[in-house]
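Please examine the sequence and the structure shown here.

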Amino acid sequence: MKALITGAAGQLARQLIDTAPPGTDLKVVDRTECDITDLHAVERVIDAFPPDVVINTAAYTAVDAAEDARDLAFLANARGAENVARSAERTGARMVHISTDYVFDGDRSTPYPPDAPTNPLNVYGASKLEGEGLVLTAAPSSLVIRAGWLYSRTGKNFLKSILSALSASRPLRVVRDQVGCPTSANELAGIIWKASHDGLSGVYHWSNAGSASWYDFAVEIMKCAVQAGLVPEALPITGVGSDEYGSRAKRPRYSVLDSTLLARKLKVTPTAWRDAVRAELLRPLPTDP
């Protein structure tokens, strides 16, 4: 199978490289090689490397900055995603597009199934939701996988931020009133490859099992990091409310995703989120962090 992955600099793209099935002819491109906001640039890359599947992980992901950069967010997350889908459809390649739990408003208290009504609270979520629609219109056989709270030992993410703060003995204040599910980017990458081979299309959700607040996540990271010898000692972590934290963008108070449908289709069982965090911190550190 020939696979093209956009967004090479991101943590998910790096995990997709690590988990690519044996025999995969893989090309991974970053923004300098393939700016997805430029349709002609995307077409040139796909024409030069005609793939069987295109996995679009490229996105504008700065949630707070997007509030003041709406045009940039929509250009990348909506029009850029559409460009990739149109180019894939033109050459007969399957499209896998990654979206977010932030398409929901958090008013539920039970996990969101894929067909739950959407109502994003911030520009980032709105741009990703528009991107989903454009992708499925341009390439109806596309697969959209929503995921959230991704972490790994590479790229920029919450786990790495907490490890950095613990290593520097910096005080930690972490939001306690937003609930989601910490999800291993490495496990999501494996799911993406499996779903690509199974030819699924439409909108699905994936997360690890269970739920947690950001505060719960931080405490678990610290606990596992101390056990793994990655940080010298446990430090106090203060839980704060969203209003106290003062983020620019509003986040959903509850955004746990229901992965039941995708898990059933692929005949897999999501790992409990605490077990996945522990496994990630015990894995050898990648040589290209």
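Apart from neighbours within four places in sequence, alanine 73 is in contact (heavy atoms within 4.5 Å) with Tyr60, Ala66, Ala78, Val123 and Ser127. The model is a predicted one, in which local features need pLDDT of at least 70, side-chain atom pairs count only at pLDDT 80 or more, and totals for chains, interfaces and linings use all residues. Residues are numbered from 1 along each chain as its sequence is written, and side-chain values use heavy atoms, with hydrogens and water left out.

Alanine 73 belongs to helix H3; helices (H or I, at least four residues) and strands (E, at least two) are DSSP runs, numbered from the N terminus. With a relative accessible area of 0%, alanine 73 is buried, where buried means under 20% relative accessible area, exposed over 50% and partly exposed in between, for a 1.4 Å probe and protein chains only.

H4 has 16 residues and spans 22 Å from its first C-alpha to its last, close to the expected 22 Å, a value defined as 1.5 Å times one less than the number of residues.

Charged pairs come next. Side chains of opposite charge can pair when their charged atoms come close. Over the whole structure, 11 salt bridges are found, each a side-chain nitrogen of Lys or Arg within 4 Å of a carboxyl oxygen of Asp or Glu. One of them joins arginine 146 to glutamate 132, with the closest N and O atoms 2.8 Å apart. This pair links distant parts of the chain, since arginine 146 is in strand S5 (residues 143–147) and glutamate 132 is in helix H4 (residues 123–138), 14 residues apart. Arginine 146 counts as buried at 4% relative accessibility, and glutamate 132 counts as buried at 4%.

Another salt bridge is formed by arginine 278 and glutamate 220, at 3.6 Å from N to O. Here arginine 278 lies in helix H10 (residues 273–282) and glutamate 220 in helix H7 (residues 214–227), 58 residues apart. Arginine 278 is partly exposed, at 28% relative accessible area, whereas glutamate 220 is buried, at 4%. Through shared partners, salt bridges join Glu220, Arg274, Asp275 and Arg278 into one network.

What of the aromatic rings? Rings of Phe, Tyr and Trp (its six-membered ring) pair if their centres lie within 6.5 Å, and planes under 30 degrees apart count as stacked, over 60 as edge-to-face and the rest as tilted. By this rule there are eight aromatic pairs. In one of these, phenylalanine 158 and phenylalanine 217 are stacked, 5.1 Å centre to centre with 25 degrees between the planes. Phenylalanine 158 lies in helix H5 (residues 158–167) and phenylalanine 217 in helix H7, so the pair ties together parts that are 59 residues apart in sequence. Phenylalanine 217 is buried, with a relative accessible area of 1%. Both rings belong to one aromatic cluster, formed by Trp149, Tyr151, Phe158, Trp214, Phe217 and Trp273.
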